[in-house]
Amino acid sequence: MFDKLKKAFGGSNEPKAPKVEEKVEAAPVETKAPAEEPKAASAKPRIGYIHLSGCTGDAMSLTENYDILSTVLTDMVDIVYGQTLVDLWEMPEMDLCLIEGSVCLQDEHSVHELLEAREKSGLIAAFGSCAITGCFTTFARGGQQAQPKHESFLPINALIKVDLALPGCPVAPEMIAKAVVALCEGDLDYLKPAMDWAACDKGCGCDVLTNIIRQGLCTGCGTCALACPTRAMGFSEGRPSCDRDRCIKCGSCYMMCPRSWLPESRIKKETGL
């Protein structure tokens, strides 16, 4: 795992071994081997987390990775930035920054943090539906008791370039874990759909109707209904239907539909057509 991780992010064990041996030969009494450990840690992907405007459900999904979370955090990545790191005020360089929530244009701090994250991050991941499509925050029109001036909420790709998106309201814990592992291993084939989703602006059940059902692509698998967090997506005669009064425009139904992103060549290959 570490070999793949270091190759993906420019690290390697090969140049370090000779240096340790040379130091041991020149000064056998003063062994410098332990000093190499911090360098190995620095070769791990440096990951940051930013929470903008949302319900924090995606952060809760991240913490639900009980079975592998300790391995991911201690052995595979370094968490270098986040709200819980209260002793770190300056944003460091990051390989990946997970951004949850839409951005409020009236919140100057959030806008500044978002723009700074783009400058200091190799990859930006829109983390959840609010970051990708704006989700329910787009219905806000100001007048909230806590922040009455906050009225304009946009998906983060309206202000910065997004490299990959992890959809969901909230994102499934398994998707988070697998995406991080794929990043560590440099598995771009696995991350390809997430990269394609970064440019997706479909956030309503009506998009499933227009782009999937009416194009003859729907197989009636039911994935869209299972992905809907508000039960707005239903089924009628084996085909999806959308209750617009329930729809919060999170985009989960469209992004989880296998016909919305699976390439035609891949479909033909898997079906033998």
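## Basis

Local features in this predicted model need pLDDT of at least 70, side-chain atom pairs count only at pLDDT 80 or more, and totals for chains, interfaces and linings use all residues. Residues are numbered from 1 along each chain as its sequence is written, and side-chain values use heavy atoms, with hydrogens and water left out.

The largest nonpolar core has 58 residues, of which Ile 50, Ile 99, Ile 156 and Leu 166 touch the most other members. Such a core is a set of buried Ala, Val, Leu, Ile, Met, Phe, Trp, Tyr and Cys residues joined through side-chain atoms within 4.5 Å. Buried means under 20% relative accessible area, exposed over 50%, and partly exposed in between (1.4 Å probe, protein chains only).

Helix H8 (residues 173-185) gives the largest share of this core, seven residues. Helices are DSSP runs (H or I, at least four residues), strands likewise (E, at least two), numbered from the N terminus. Buried residues in H8 include Pro 173, Met 175 and Ile 176. Just after H8, Gly 186 takes a positive phi of about 65°.

## Salt bridges

A salt bridge is a side-chain nitrogen of Lys or Arg within 4 Å of a carboxyl oxygen of Asp or Glu. The count comes to four salt bridges. Arg 118 and Asp 163 form one of them (3.0 Å, N to O). This pair joins helix H6 to the loop between strand S6 (153-154) and strand S7 (164-166), 45 residues apart. Arg 118 is buried, at 19% relative accessible area, and Asp 163 is buried at 15%.

Asp 163 also pairs with Lys 161, with the closest N and O atoms 2.7 Å apart; Lys 161 is exposed at 55%.
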